[in-house]
Amino acid sequence: MLKLVVWVGVMVGVALAITKPNGCTYSSGVFTCDYRYVLPLDANAFTPEPQRLVIEEVSGTFSSTDFVNFNNVNKSAFDINFPAELTIYCTTGGGGLLNLDSTSFTGMGFYNEIRIINCEFTAIAASAFANFGSVNHFSFEGGNMDGIDSDALLGLNVIKDLSLPSPKGSFALIDVDLVPGGLPAGFLSNMTQAHELTLTNSRLYTIDLDTFSAAATVKKFNLDNNPFTYLPDNLFSAAKGLGAVSMAGISWECTCNNLWFLKHFSDNDILFNSPATCTLPSSHFGATAYKYYSDICDSGPKCAEGTIPSVDVGVTCLTVLQIIIYVLAVFAFGFGITALIIACQTRSKLKAMSGGGGGKKAGGGGGGGGPKRGGNNRVSQRPPAGTRPPVKKNAFN
């Protein structure tokens with residue numbers, strides 16, 4: 001009986017200890033506040049401390065005058081079984097605008113996991129999230145972004161916090177409509193300690209070569225379900241410790257140059273843990289990228305697009321123009337040889353017809369007594385010098 005009384009007393013004490021601002025509710029350690037009714041939201045009005053805070057129905061501005069006294073939160077009173085979490089939900093059904101500047105989230109640096117869900121950004125100013133400092137996880141989920149300053153994430157550091165129950169070190173854009181079709185140059189330049197980057201279903205038509213240039217510690221990339229059809233060569237070269245990449249749902253334009261990442265992953269023991277299917281060329285529509293690469297790119301000499309392996313030397317890559325020139329040269333050489341043979345044969349026939357071989361000597365001896373042929377192929381009847389021709393007798397002598 002005594003134990004029951006003590007337990008009831010404790011429960012009553014705990015219940016009495018919970019205080020919250022108007023417009024907020026409390027359940028299982030989570031405060032949920034309606035943006036439309038709580039501003040300015042005073043951190044001193046929460047008991048226990050607002051370790052896990054959800055702000056919903058947001059459409060407006062986050063500024064230092066709207067969220068006050070968060071720098072007074074007693075972090076030593078936090079439940080060590082949970083991270084300090086801030087979740088922002090914009091207006092249900094869409095249309096909730098979130099306006100940020102460098103004063104947004106003042107005093108909220110103790111939150112180490114932040115999620116911004118279904119918000120529309122006409123612009124995100126430079127250093128909009130700098131007051132968070134280092135975080136274990138940061139994500140945008142749903143909504144859209146019309147304009148983004150390249151320094152929007154300046155001052156925000158994503159790290160794998162080993163002091164938390166679930167160390168992550170993750171940054172994510174999930175189901176976000178990136179209206180420009182890509183991220184501004186340098187947007188992820190401060191992700192120097194992140195372990196996981198996720199950019200999925202976020203209307204990435206292009207990814208610049210330097211997008212992940214600072215991602216030296218990233219172990220996993222997830223680029224699923226985006227409309228890009230190829231990636232720039234060496235996109236992942238900065239991630240020296242990369243272990244896994246997922247790129248499911250990509251309509252690949254398969255060429256040997258575009259599929260460079262297959263060899264890169266193989267050479268560097270990186271797990272490519274998603275299927276890759278060709279959309280182009282039409283001859284390989286629906287084929288796996290691996291099949292295209294093995295059939296077209298990985299058999300025989302490796303040549304750049306638009307060139308052909310040389311048959312004779314094996315590793316020399318020839319352009320189509322070079323092939324045509326070489327073929328014409330072979331034909332010209334063969335024609336020259338044929339012409340030379342015909343000329344020689346004609347010359348021999350003409351020489352034979354002109355008597356260039358000489359006649360036989362009469363008498364069989366080598367003496368000069370036999371008749372000789374003259375220049376007109378007639379036997380000369382001229383007598384030797386000093387003699388007269390014989391007198392022919394007629395019938396009367």
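Residues are numbered from 1 along each chain as its sequence is written, and side-chain values use heavy atoms, with hydrogens and water left out. Because the model is predicted, local features need pLDDT of at least 70 and side-chain atom pairs count only at pLDDT 80 or more, while totals for chains, interfaces and linings use all residues.

Me: What is the mean pLDDT of the protein chain?
Reply: pLDDT is the predictor's confidence in each residue, from 0 to 100. A value of 70 or more is reached by 79% of the residues. The mean pLDDT of the chain is 84.

Me: How many contacts beyond near neighbours in sequence does the stretch 1-15 have?
Reply: A contact means heavy atoms within 4.5 Å. Over residues 1-15 the pLDDT is below 50. Residues 310-315 also have pLDDT below 50, and that stretch has four contacts beyond near neighbours in sequence. For residues 1-15 the count is zero.

Me: Which residue in strand 7 stands opposite Val58?
Reply: Strand 4 (residues 52-58) pairs with strand 7 in the parallel sense over five bridges. In strand 7, the residue opposite Val58 is Cys90.

Me: Which residue in strand 13 stands opposite Glu120?
Reply: A three-stranded open sheet has the order 10-13-16, with parallel pairing. Strand 10 and strand 13 (residues 144-145) pair over two bridges. The residue opposite Glu120 is Asn144.

Me: How many residues apart in sequence are the parts tied together by Arg115 and Glu85?
Reply: A salt bridge is a side-chain nitrogen of Lys or Arg within 4 Å of a carboxyl oxygen of Asp or Glu, and the whole structure has seven. In the one between Arg115 and Glu85, the closest N and O atoms are 3.8 Å apart. Arg115 lies in strand 9 (residues 113-117) and Glu85 in strand 7 (residues 85-90), so the parts tied together are separated in sequence by 30 residues.

Me: Where is Arg203, the salt-bridge partner of Asp177?
Reply: The side chains of Asp177 and Arg203 meet at 3.6 Å, N to O. The pair links distant parts of the chain, 26 residues apart, with Asp177 in strand 16. Arg203 is in the loop between strand 17 (196-200) and strand 18 (220-222).

Me: Is Phe171 buried or exposed?
Reply: Buried means under 20% relative accessible area, exposed over 50%, and partly exposed in between (1.4 Å probe, protein chains only). Phe171 is in strand 15 (residues 170-174). Leaving aside neighbours within four places in sequence, its contacts include Phe138, Phe140, Leu153 and Met191. With a relative accessible area of 0%, Phe171 is buried.

Me: Which residues does His264 touch, not counting residues up to four places away in sequence?
Reply: His264 is found in helix 3 (residues 260-267). Its relative accessible area is 17%, so His264 counts as buried. The residues that His264 touches are Phe236 and Ile270.

Me: What is the phi of Phe105?
Reply: Most residues other than glycine have a negative phi. Phe105 lies in the loop between strand 8 (98-99) and strand 9, and is buried with a relative accessible area of 2%. Although Phe105 is not a glycine, its phi is positive, at about 65°.

Me: What is the omega of the peptide bond from Leu39 to Pro40?
Reply: Most peptide bonds are trans. Pro40 is in the loop between helix 2 (35-38) and strand 3 (41-42). The bond from Leu39 to Pro40 is cis, with omega near -10°.

Note on methods
Two strands pair if DSSP finds at least two bridges between them. Helices (H or I, at least four residues) and strands (E, at least two) are DSSP runs, numbered from the N terminus.
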